[in-house]
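Grab a pencil and keep the viewer open.

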Amino acid sequence: MRRKFVAGNWKMNTNRATAIELAKTVAAGAGTVGARVAVCPPAVYLEAVAAVLAGSRVELGGQNAYLTNAGAFTGENSPAMLKDIGCGLVILGHSERRQFFGETDESVSKKAKIALENGLEPIVCVGETLQERQAGKTFEVLRTQILGSLQSIDAPNLSRVVIAYEPVWAIGTGVNATPDQAQEAHAFLRGLIAEKYGLSLSQNLVILYGGSVKADNAATLFGQPDVDGGLVGGAALDGKGFLQIVAAGA
Ligand code: PGA
């Protein structure tokens, strides 16, 4: 049985004080049972948030990490560094990184491999744009992205990877995919994983939905058979609302 998982992607939001405040609300409200829960603050606040989360069941993730562990790469953070300050997870290949920072399936796959080597669970994001969906290319795009982004990952390591299906047209727009659209894409992705890695690994793979998840649509989305929770952006910045989304996954 796959366990539901809700991760908050704070993106480039909060300041030190509001990050700590938000983390406190989430840690205090997460209780001891329920869906798996994580927050992914901006890199500069990870350590402050880690201190707040200590002793709670809320996990910590980075929003990106580079594809090597140390060296002359000005401005980057390495997987070893994220691990060092208490992260267990890292988001990779978010559409904003693909769109604004030149992330490719190949770089995502290299990053996922080294993240795994450093004991981080990658949350690998894929998703089509509105144009691609309207052109009937959704499945083609998802196939290329998922197979490309996992090309360096072998079967034993796949069990430590989380996938996030995030249709670009639903991110930050307030227009979420319908539960049927999400289910269709998730089932397709799980089917591709079954073809490449085998049925049992595909059945255990956690596939999150992301794109305008809110407290009032979370339960229906998470109720779909292949939707294992959510990667939440805007709604994760409100602690109480985020906790309602986590509760929808219980
Ligand atoms: P959103 O973002 O919930 O604000 O749509 C989701 C994401 O980008 O992970």
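**Exercise 1.** Which domains does the domain assignment of the protein give?

*Solution.* Before you start: this is a predicted model, where local features need pLDDT of at least 70, side-chain atom pairs count only at pLDDT 80 or more, and totals for chains, interfaces and linings use all residues. Residues are numbered from 1 along each chain as its sequence is written, and side-chain values use heavy atoms, with hydrogens and water left out.

Step 1: read off the bounds, which come from an automatic or database domain assignment. You get domain 1 (1-63) and domain 2 (90-228).

Step 2: look at the spacing. The C-alpha centres of domain 1 and domain 2 are 21 Å apart.

Step 3: check who takes part in the contact (heavy atoms within 4.5 Å). Domain 1 supplies twelve residues and domain 2 supplies 20 residues.

**Exercise 2.** Describe the shell around the ligand by class.

*Solution.* Step 1: sort the residues. Ala, Val, Leu, Ile, Met, Phe, Trp, Tyr, Cys and Pro count as nonpolar, Asp, Glu, Lys and Arg as charged, and the others, Gly among them, as polar.

Step 1: the tally is four nonpolar, seven polar and two charged residues.

**Exercise 3.** Which atoms lie 2.6 Å or 2.7 Å from an oxygen atom of the ligand?

*Solution.* Step 1: take the side chains. Histidine 94 has a polar side-chain atom 2.6 Å from a ligand oxygen, and glutamate 166 has one at 2.7 Å from a ligand oxygen.

Step 1: A polar backbone atom of glycine 172 is 2.6 Å from an oxygen atom of the ligand.

Note on methods. Polar contact = N/O pair within 3.5 Å; in protein donor to acceptor, adjacent residues only side chain to side chain.
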